[in-house]
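Subject: A structure for you, with notes

Hi there,

Here is the structure I promised to pass on. Have a look at it first, and then read on for what turned up.

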Amino acid sequence: MSAALACSGLSVGYGAAPVLSGVDLRIEPGEVVALLGPNGGGKSTLLRTLSGLLPILSGKVKVGGDDLQSLSPREIARRIGFVPQDEVWQFGFSVEEVVSMGRLPVSNGFFDTEEDRRAAEDAMRQAGCLDLRARPATELSGGERQRVLIARAIAQETPILFLDEPTSHLDPQYQVGAASLLRNLAAAGKAVLVAVHDLPVAAAMADRGVLVYGGKVTATKPIAALLESAELDQAYSSEFERLTTPSGRLVVVPKPRT
């Protein structure tokens, strides 16, 4: 059975300069995989390349067994939903209209059929932004925009979902909600790859962790094992404390510098 996505010997970057090289990665349906590593390490570049937004420098990417480079942009958009870190809209589209744009690759109409409307409404409900549906997207806060971007990707109804720092603008309650949402999407069969800045959030949402550091993918492990590893301290140039909450959750925090 083919993985939802698999890459081998992959090099990614801008122009001819690789940011990451020799990347081997496999993502299965029904799992959440967290990309971890310091800022500037290449997590966003990797996500954009796997989404077809940046050209592959070398190596192979297979999406459901098909070569990514053989797929048209529309075919990629039917298989992979992508949530960027942020997006600024210049026009006064409503939130519902922005979310409905996620239906464009899959709709049989001009993303305005009854099926499209139901999918957009369900996506807004899941992402916690249904109450914003009539608001102009240009008037949203950063956290509200992030929820709308997540809803737009859910409305796409793709088997694969990539998210780039989806909780960075969210309040704690919405961070918890986003972690639960990704777990639910994976339970429904989606393959989810998410770049995460907040390590406790990664522990709550992911099955596996992938450590991106020094131009390489240096470790791929179950999330708890990765968060407890010395490789994490090395990648972040920090010494971490590992705590277990009364509920059994692992919390990783930097030790204070003396």
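**Arg-145 and its surroundings**

The side chain of Arg-145 comes to 3.5 Å from the backbone oxygen of Glu-87, a polar contact (N or O atoms within 3.5 Å; within protein, one must be able to donate a hydrogen and the other to accept it, and residues adjacent in sequence count only if both atoms are side-chain atoms). This is a predicted model, where local features need pLDDT of at least 70 and side-chain atom pairs count only at pLDDT 80 or more, while totals for chains, interfaces and linings use all residues. Residues are numbered from 1 along each chain as its sequence is written, and side-chain values use heavy atoms, with hydrogens and water left out.

Arg-145 sits in helix 5 (residues 142-155); helices (H or I, at least four residues) and strands (E, at least two) are DSSP runs, numbered from the N terminus. Arg-145 counts as buried because its relative accessibility is 17%, where buried means under 20% relative accessible area (1.4 Å probe, protein chains only). Leaving out residues up to four places away in sequence, Arg-145 touches Asp-86, Glu-87, Trp-89 and Leu-140, with contact meaning heavy atoms within 4.5 Å.

**Leu-54**

Leu-54 lies in the loop between helix 1 (43-50) and strand 4 (58-63). With a relative accessible area of 12%, Leu-54 is buried too. Its contacts, again not counting residues up to four places away in sequence, are Gly-13, Tyr-14, Thr-45, Arg-48 and Thr-49.

Strand 1 (residues 5-14) and strand 4 are joined antiparallel by five bridges, and Ser-11 has Ser-58 in strand 4 as its bridge partner.

Further along, strand 11 (residues 240-244) and strand 12 (residues 250-254) run antiparallel and are joined by five bridges. Leu-243 stands opposite Val-251 in strand 12. The two strands form a hairpin with five residues between them, and Gly-248 in the turn has a positive phi of about 95 degrees.

Happy to talk any of this through.

Best wishes

Methods
Buried < 20%, exposed > 50% of the residue type's maximum accessible area, 1.4 Å probe, protein only. Pairing = 2+ DSSP bridges.
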